[in-house]
Amino acid sequence: MDFTSNKRPDDMARINTPELADAFIEEAVEAMRAQVGDGKVLLALSGGVDSSVVAALLIKAIGDQLTCIHVNHGLMRKGESEQVIEVFQNQMGANLIYVDATDRYLDLLAGVADPEAKRHIIGEEFIKIFDEEAAKLEGIGFLGQGTIYPDILESEAGVKAHHNVGGLPEEMQFELVEPVKLLFKDEVRVVGRQLGLPANMVDRQPFPGPGLGVRCTGAITRDRLAALREADAIVREEIDAAGVDVWQYFCVVPDYRATGVRDGKRAFEWPCIIRCINTVDVMTATVPRLDWDLLEHMTNRILSEVPGICRVCYELSPKPIATVEWE
């Protein structure tokens, strides 16, 4: 496999067995060792499936030449940064640098409503932070990234600028290391299992690089972001508890209000949209028919527990024509 190319070979077999995963791992490790040599790599470690698999591949290839950096941009899901620190630093013993950039990001994003502008701000600031952290370290020449093939396809097609393949400043001082960029999401999971990663990490919910920034639509406000984070936590908790086989599930809280009645008084608050999809490769997606009792239970919890939300809706749009994310 040509790890320098952004084009997946037409005859490349789908990685769906341990044997094919082993073959890929061997090729990827060899390619990364050849690329990096005795250099040092910084890895963008969000804790999602893609960056976790890249971390495991890099550890296998170059060991302590790797430094992982987790940037909390303030757009993480509830408890997510804490979980990244627990799993990677405390359990796996990774060399992890934690950067809390919440205020820095939210100040930059204040008043910015255009989705592409938000994505570029988040992506560019991400690289700037890595530049700053690299400057504190000796001999960093490479940046690890969890780019996968759907990211490349959607960016090339102009569907959206992706955090991994769009908006990188020209002065970026790192050479990219992207070992899974020709794989689809289902293949990345197979490779992760074969690398021995924990099941709850390999099967973790996909999460976009811009985080809740593309689910808190329009100009992000701290109060609406807080409501989104709490509603999302309820949806994830209840679907997990119900044991429903759904590939991805989350919430969107849009930047407009609806009229409701709370405690006998008019409430002018936000709606919350629950989004669930089933997919294999994220290029197409269908919407599962959730049990009505589960939908009703999630609705009641959100309306009673999350300040600022007065309506809950369930989205029925498949991909295509809708994308998975709203922005």
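1. In this predicted model, the second largest pocket has a volume of about 210 Å³. Its lining is made by 13 residues, and those closest to the centre of this pocket are Trp-292, Leu-295, Thr-299, Cys-313 and Tyr-314. Helix α10 (292–305) and strand β9 (309–314) each contribute at least two residues to the lining of the second largest pocket, and α10 gives the most, with 4 residues. By residue class, the lining of the second largest pocket divides into 10 nonpolar, 1 polar and 2 charged.

2. The largest pocket holds about 370 Å³ of space, and 19 residues line it, with Asp-203, Arg-204, Gln-205, Asp-240 and Tyr-249 lying nearest its centre. Three helices, α3 (80–91), α8 (199–202) and α9 (222–242), each supply at least two residues of the lining of the largest pocket. The lining residues of the largest pocket divide into 6 nonpolar, 4 polar and 9 charged, whereas the corresponding division for the second largest pocket is 10 nonpolar, 1 polar and 2 charged. A colleague preparing a description of the two pockets may wish to keep these two divisions side by side.

3. The next points concern helix packing. Two packed helices are described by the angle between their axes and the distance between the axes. Helix α1 (residues 18–36) packs with α2 at an angle of about 65°, and the axes of the two helices are 9 Å apart. In this pair α1 passes α2 in a right-handed crossing. On the α1 side the contact is made by Phe-24, Ile-25, Ala-28, Val-29, Met-32, Arg-33 and Val-36, and on the α2 side by Leu-57, Leu-58, Lys-60, Ala-61 and Ile-62. These contact residues of α1 and α2 divide into 10 nonpolar, no polar and 2 charged.

4. Helix α1 also packs with α7, at an angle of about 85° and with the axes 9 Å apart. How are α1 and α7 oriented to each other? Angles of 65 to 115 degrees count as roughly perpendicular, and α1 and α7 are therefore roughly perpendicular to each other. In this contact Pro-18, Ala-21, Asp-22, Phe-24 and Ile-25 of α1 meet Val-190, Val-191 and Gln-194 of α7, and the residues involved divide into 6 nonpolar, 1 polar and 1 charged. Phe-24 and Ile-25 of α1 take part in this contact with α7, and Phe-24 and Ile-25 are also among the α1 residues in contact with α2.

5. The pair formed by α2 (residues 49–62) and α7 (residues 185–194) has axes that come within 10 Å and cross at roughly 40°. Helices α2 and α7 are therefore oblique to each other, and α2 passes α7 in a left-handed crossing. Val-49, Asp-50 and Val-53 of α2 make the contact with Lys-185, Val-188, Arg-189, Val-191 and Gly-192 of α7, and these residues divide into 4 nonpolar, 1 polar and 3 charged. Val-191 of α7, which belongs to this contact with α2, also belongs to the contact of α7 with α1.

6. A cis peptide bond joins Lys-319 and Pro-320, with omega of about -10°, and Pro-320 lies in the segment after β9. The peptide bond that runs from Pro-320 to Ile-321 is likewise cis, with omega near 25°, and Ile-321 also lies in the segment after β9.

Notes. Residues are numbered from 1 along each chain as its sequence is written. This is a predicted model: local features need pLDDT of at least 70, side-chain atom pairs count only at pLDDT 80 or more; totals for chains, interfaces and linings use all residues. Side-chain values use heavy atoms; hydrogens and water are left out. Axes are lines fitted to C-alpha atoms, for helices over the stretch in contact, and angles run from 0 to 180 degrees between N-to-C directions. Angles under 35 degrees count as roughly parallel, over 145 as roughly antiparallel, 65 to 115 as roughly perpendicular and the rest as oblique. A crossing is left-handed if the near helix is turned anticlockwise from the far one by less than a right angle, and right-handed if clockwise. Contact means heavy atoms within 4.5 Å. Ala, Val, Leu, Ile, Met, Phe, Trp, Tyr, Cys and Pro count as nonpolar, Asp, Glu, Lys and Arg as charged, and the others, Gly among them, as polar. On a 1 Å grid over the protein atoms alone, a cavity is a set of points where a 1.4 Å probe fits but cannot get out, and a pocket is an open set with protein on both sides within 12 Å along at least five of seven lines; lining residues have an atom within 4 Å of a point. Grid points are joined across faces, edges and corners, and a volume is the space filled by probe spheres set on the points.
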